[in-house]
Every structure is written in C-alpha cells, then in structure tokens.
Amino acid sequence: ELVALTVTVENPDAVCCGVLWVEVDGTPMPEHVIALHDDGAIHSVIVRLGRLARTRMNGATADSADGEA
C-alpha cells in the first residue's frame, strides 16, 4: 500500500526559514518528524513556518512561539 499526504505550508509572517510546528491528522509532532506508514490512507500535514522569539526570564533564556514568556 502507499501513503498519500496532503501537505499545507502556512507562512503568515512571510519568513524564509524556521518551523513553529508540524501537525499530522490534527496531532502535533513535537520533533517536527513525520512518520510514514503504508496504510493506504490519505493524511493531512500542516507545517507552520515562523521564527521563535528569544525571551529572557530570571537569567535563563527560553523560546516562545508568540514572543511572550
């Protein structure tokens, strides 16, 4: 069997690099890795591009997708 993917790439901030999140069939992929399985189904993949904002809290640096800590 084959795997069919419908891939949507969202780039609302018109960035040239950086991935905020990846989702397959409504499930977030924390490591941005898409596992392919030969199940014959059509799967929906959404990739949201964007830059992570670097924020500083109590001397530590943290990443934030929306620029807030």
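The structure is a predicted model, in which local features require pLDDT of at least 70 and side-chain atom pairs count only at pLDDT 80 or more, whereas totals for chains, interfaces and linings use all residues. Residues are numbered from 1 along each chain as its sequence is written, and side-chain values use heavy atoms, with hydrogens and water left out.

An open sheet of mixed pairing is formed by four strands in the order β1-β4-β2-β3; strands (E, at least two residues) are DSSP runs, numbered from the N terminus, and two strands pair if DSSP finds at least two bridges between them. The edge positions are held by β1 (4-10) and β3 (27-28), each of which pairs on one side only. Strand β2 (residues 19-24) pairs with β3 in the antiparallel sense over two bridges. Valine 24 has threonine 27 in β3 as its bridge partner.

Histidine 43 lies in strand β4 (residues 42-49). With a relative accessible area of 16%, histidine 43 is buried (buried means under 20% relative accessible area, exposed over 50%, and partly exposed in between, for a 1.4 Å probe and protein chains only). Apart from neighbours within four places in sequence, histidine 43 is in contact (heavy atoms within 4.5 Å) with Val3, Ala4, Leu5, Thr6 and Asp25. The side chains of histidine 43 and aspartate 25 are joined by a polar contact of 2.5 Å. A polar contact is a pair of N or O atoms within 3.5 Å; within protein, one must be able to donate a hydrogen and the other to accept it, and residues adjacent in sequence count only if both atoms are side-chain atoms.

A further polar contact, of 2.9 Å, links the side chain of histidine 43 to that of aspartate 39. Aspartate 39 is placed in the loop between β3 and β4 and is partly exposed, its relative accessible area being 36%. When residues up to four places away in sequence are not counted, aspartate 39 touches Glu1, Leu2 and Val3. The C-alpha atoms of aspartate 39 and leucine 2 are 6.7 Å apart, although 37 residues separate the two along the chain.

Side chains of opposite charge can pair when their charged atoms come close. One salt bridge is counted under the criterion of a side-chain nitrogen of Lys or Arg within 4 Å of a carboxyl oxygen of Asp or Glu. This salt bridge joins arginine 48 and glutamate 10, with the closest N and O atoms 2.8 Å apart. The pair links distant parts of the chain, arginine 48 in strand β4 and glutamate 10 in strand β1, 38 residues apart. Arginine 48 is partly exposed, with a relative accessible area of 25%, and glutamate 10 is likewise partly exposed, at 25%.
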